[in-house]
Each structure stands twice: as structure tokens, then as C-alpha cells.
Amino acid sequence: HLGHRRSILVIISSSIALAGMIYAAAILLPRLITPLIPESIQQSIGDSALSDIISLFGKVEKSKGEFCSGAAGIAALDRLVDRLAKSENGTSFRVRVADLKMVNALAVPGGRVLATRGIIDFVKSPEEFAGVIAHEMGHAIHRHPTKSVIRGIGLGATLDFLLGGGLASTTTSLLLHTSYSRDAEREADDTGFRLMQQAGMSTAGMVKLFERFEKELSSLPKALQAFATHPRSAERARRLANQADETGGPAMPAADWQALRKICNQG
């Protein structure tokens, strides 16, 4: 019986140690390593990932898969991002639009954010679009994309990558298949909501956005939902509705909104 008890204790101890290792890999490691990665490296990773992602999406849609280059639209988008980022000093943002039909937006390391032509066509107002961008900026502020990559590839592979290892394709794959935790999504929601408030924008647009995700995205053809990373949650809309304020102003001037909507069609 003594040997049996010792075996049980060994199993329990091993299980506790394994649980601790899993917790460290999943929670502690990304938190500890992410602040040590220079912003310039995170930006380089993000730029590379964006190029790979739109190339892959382009193949899925059988299109060129390229960034939209309309000068007036880019200028309008930059003004929106600058306005949202005015109260945030810790992250440098770069938001780009891809000429893709799918309804999607995502953040990658280094404060890089990608929105598609499909999401611009999907939203009904500049405030809804600002909600999309602010949410992704929230992910960037909390370094969720970088933490997700570190969690996915582990410490050894992270160090190998930082020392010049060839993990770019692995990084892109991890980012495409990232499913953030409820806590991470809540952090991005709340931070994006705060950015809109501090920029003087009506936050009701973000609430309406989530409500429309819940009701309308599921009815779209699957091709337009490919790789969609946003959980469609009525609960999130209800939670934000309790804080929403419609007294804020528009997210951008009408002329900027029109230019943004044509960003993929401008010369």
C-alpha cells in the first residue's frame, strides 16, 4: 500500500508540475518576453505578416491580393487613426486596407492593423468603421498578437526567430488562426471604446457594429467570412451598450468617409 501511495503522490506531483509548465507557457511566458522584444522587430514581423496574409487571402479569392493605394483614402484613414491614437503614447500604429472582398480586420505585431475592402463595404457608418479599427488598436496596445505568437511557438523558437531563424511562415499561420480569449477580446473592446470616447466620437457605432456582426455575418457566403477572426457576440454588444454614449461627434468628416470608401478604386 505504501508503494501505491507513493505512485499516486508521484502522479499528482507530476500533474501539478505539468500544469505549472502549461500555465507558464500559456500565460507567464508571453507576458515576460513580449516587453523585451524591441518595437522595431515587432514592426518588422508585422509588416512581413501583413504581406503574407494578403497574398494568401488573394489566392483564396483568386484576386491579386494587394494593398489599396488611393491617396485620398489613405490620408483619410491616417487622420482617423491619428485621432484615435492621440491619447495613446505607447504604440505606433499603421493601418492599411487590402483589396479583398472578405469581411475582416486583424491586428499583427508592431501596431500593424489590416482592414479589408469587405469590412468597409459591410459597415454602415464611419463610426462603425472606427469601432473596427479602435478594437484592433486595442489588441495592438495590449500586444495580444505578439503574445499569441510567443504562446504558439514557445520560448526556444521565439529566441531562434529573434536571432534570425526562419519562422516567418509559422508566425503568419499562427496569426491567421489566432482565437483570442474572452479576456483579451474584452480588453480590446474596452480599450477601443476608450479610444473612441477620448477622441470625442460617438461610441454607439461600436455597439451597432457588434450587433450587426451577430445578425448579419452568419448570412454572408462562406467565402466572405474566410479566416474571420472576430467572435460574433450579442453579449459583448449588450455589455458595451450599457456604457455607450451617442453624444459624441462623427468619427470623420463626410468627405473623408467618401474618400475612404473609394480607397481601393482611386488612382
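Biologist: Why is E39 called partly exposed?
Modeller: E39 has a relative accessible area of 24%. Buried means under 20%, exposed over 50%, and partly exposed is what lies in between (1.4 Å probe, protein chains only), so 24% puts E39 in the middle class. Keep in mind that this is a predicted model, where local features need pLDDT of at least 70, side-chain atom pairs count only at pLDDT 80 or more, and totals for chains, interfaces and linings use all residues. Residues are numbered from 1 along each chain as its sequence is written, and side-chain values use heavy atoms, with hydrogens and water left out.

Biologist: What makes R143 and E39 a salt bridge?
Modeller: Their closest N and O atoms are 3.2 Å apart. The rule asks for a side-chain nitrogen of Lys or Arg within 4 Å of a carboxyl oxygen of Asp or Glu, so R143 and E39 qualify. R143 sits in the loop between α5 (126-141) and α6 (144-162), while E39 is in helix α2 (residues 39-61), so the pair ties together parts that are 104 residues apart in sequence. Helices here are DSSP runs (H or I, at least four residues), as are strands (E, at least two), numbered from the N terminus. R143 itself is buried, at 17% relative accessibility.

Biologist: How many salt bridges does the whole structure have?
Modeller: A search turns up seven. One of them joins E128 to R212, with the closest N and O atoms at 2.7 Å. E128 belongs to helix α5 and R212 to helix α9 (residues 204-216), so this pair links parts 84 residues apart in sequence.

Biologist: And why do E128 and R212 count as buried?
Modeller: E128 has a relative accessible area of 4% and R212 comes out at 10%. Both values fall under 20%, so both residues are buried.

Biologist: Is D183 buried or exposed?
Modeller: Exposed: its relative accessible area is 52%, which is over 50%. D183 forms a salt bridge with R186, at 3.0 Å between the closest N and O atoms. Those two residues share helix α8 (residues 182-198) and are three residues apart, about one turn of the helix.

Biologist: What makes R212 a charge over the ring of F122?
Modeller: A charge sits over a ring if NZ of Lys or CZ of Arg is within 6 Å of the ring centre and within 35 degrees of the ring normal. The charged end of R212 is 4.4 Å from the centre of the F122 ring, and it does sit over that ring. R96 does likewise with F67, at 3.7 Å from the ring's centre.

Biologist: How many aromatic pairs does the search find?
Modeller: One, in the whole structure. The rings are those of F129 and W257, with centres 6.3 Å apart and planes at 45°, so the pair is tilted. F129 lies in helix α5 and W257 in helix α11 (residues 254-261), so parts 128 residues apart in sequence are tied together.

Biologist: Why is that pair called tilted?
Modeller: Rings of Phe, Tyr and Trp (its six-membered ring) pair if their centres lie within 6.5 Å; planes under 30 degrees apart are stacked, over 60 edge-to-face, and the rest tilted. The 6.3 Å for F129 and W257 meets the distance limit, and 45° falls between the two angle limits, so tilted is the word. Both F129 and W257 are buried.
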